[in-house]
Amino acid sequence: VIEISFENKILSPKELYKIWESDFFMITAANPFSQLLAENENRRRNQMLYDLLSPQFSEILSAIGRDPEGTWIEHGWIVRASNVTQLVALAQHFQQNAIFRFTSDKKEVVLCV
C-alpha cells in the first residue's frame, strides 16, 4: 500500500497518475538491504536522499509504503522521472534492493542489486 502526500491530501498511486498523467517512481534510503534501522537513522538517510534528488527533479512528493499486513513501513519519495538510470544509481548508493515504477495500471519492481 502506497500513500502519497499531495497538496495536503493523501493519494493512491492511481489517483496521482490521473493528475500527473505520466509514470513515476518511489525511492527510499531507509533500511538498507532490508536491514531494519532506527527511525531517526532512516529519517537522516531519507533527508540525504532528498538533498540529492532535489537538484535533479522538480517534483518530489513524500510517500509511505506499507506491506499488506502493515508490519513493514518505509518512508520515501515519489519522483516523476524519464531516466530510471539516475534513480537506480541513487538506490544503489543507499543500498536499496529495488525502487518502484508506477504506470497507469500497475506497479513494477525495478531491481537495483
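Predicted model: local features only at pLDDT ≥ 70, side-chain atom pairs only at ≥ 80, totals over all residues.
Gln-96 is located in the loop that runs between helix 3 (84-93) and strand 6 (98-102). Its relative accessible area is 5%; because buried means under 20%, Gln-96 is classed as buried. Two backbone oxygens lie within reach of the Gln-96 side chain. The backbone oxygen of Phe-94 is 3.1 Å from the side chain of Gln-96, and that of Ala-29 is 3.5 Å from a polar atom of this side chain. When residues up to four places away in sequence are left out, Gln-96 touches residues including Thr-28, Ala-29, Ala-30, Asn-31, Pro-32 and Phe-33. Arg-45, Glu-74, Ala-91, Cys-112 and Val-113 are also among the residues in contact with Gln-96.

Side chains of opposite charge can pair when their charged atoms come close. Six salt bridges were found in a search of the whole structure. One of the pairs consists of Arg-101 and Asp-23, with an N to O distance of 2.6 Å. This pair connects distant parts of the chain, 78 residues apart: Arg-101 belongs to strand 6, and Asp-23 to the loop between helix 1 (13-20) and strand 3 (24-27). Arg-101 is partly exposed, at 30% relative accessibility.

A salt bridge also joins Glu-41 and Arg-44, whose closest N and O atoms are 2.6 Å apart. These residues are separated by about one helical turn, because they stand three residues apart in helix 2 (residues 39-53). Glu-41 is partly exposed at 26%, as is Arg-44 at 42%. In the salt bridge between Lys-106 and Glu-108, the closest N and O atoms are 3.6 Å apart. Lys-106 is partly exposed, with a relative accessible area of 46%, and Glu-108 is partly exposed at 26%.

Note on methods:
Residues numbered from 1 in each chain as written. Heavy atoms only, no water. Helix = DSSP H or I, 4+ residues; strand = E, 2+ residues; numbered from the N terminus. Buried < 20%, exposed > 50% of the residue type's maximum accessible area, 1.4 Å probe, protein only. Polar contact = N/O pair within 3.5 Å; in protein donor to acceptor, adjacent residues only side chain to side chain. Contact = heavy atoms within 4.5 Å. Salt bridge = Lys/Arg side-chain N within 4 Å of Asp/Glu carboxyl O.
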